[in-house]
Amino acid sequence: IICGGGRRNAVIMHDLADIASQQGTKVVAAEACGFNGGSMEAEAWAYLAVRALRGLPLSYPGTTGVPQPTAGGVIAEPRIFQSK
C-alpha cells in the first residue's frame, strides 16, 4: 500500500509494481484500500514526532535491524526574534 506523493507518480508505481510482481505480490495506492494517501504519510510523521518528543523508540530490531530499540530525531526549537 503506497501513500504520499509517490503514489501519484506513474513511473514510481510502475517500477514498484514490477518489483512486487517478482515477489508474488502487488502494489496499490492507499485510496484503493480505503485510506487517504495524502494524510496517511503526514499522520505517520506526526506519530513519530510525538514518540521522539517522549524519548520513545522509533526503530526496532525486527523492523529495521537495529541492535536494540532506538530513539531518534532531533528537537529543533524555533528562535524567537524580537522586533526593534
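A: Happy to! Helices here are DSSP runs of H or I with at least four residues, and strands are E runs of at least two, numbered from the N terminus. Arg51 lies in helix H2, which covers residues 37-53. Please keep in mind that this is a predicted model, where local features need pLDDT of at least 70, side-chain atom pairs count only at pLDDT 80 or more, and totals for chains, interfaces and linings use all residues. Residues are numbered from 1 along each chain as its sequence is written, and side-chain values use heavy atoms, with hydrogens and water left out.

Arg51 is buried and yet has no salt bridge: Glu43, the nearest side chain of opposite charge, is 15 Å away. Buried means under 20% relative accessible area, exposed over 50%, and partly exposed in between, with a 1.4 Å probe and protein chains only. A salt bridge needs a side-chain nitrogen of Lys or Arg within 4 Å of a carboxyl oxygen of Asp or Glu; Lys and Arg count as positive, Asp and Glu as negative, while His and the chain ends are not counted.

What does the Arg51 side chain reach? The backbone oxygen of Pro57, at 2.8 Å. The Arg51 side chain also makes a polar contact with the side chain of Tyr60 at 2.9 Å. A polar contact is a pair of N or O atoms within 3.5 Å; within protein, one must be able to donate a hydrogen and the other to accept it, and residues adjacent in sequence count only if both atoms are side-chain atoms.

As for the cysteines, with a disulfide being a pair of cysteine sulfur atoms within 2.5 Å, the count is zero. Cys3 is in no disulfide, and the nearest cysteine sulfur, that of Cys33, is 11 Å away.
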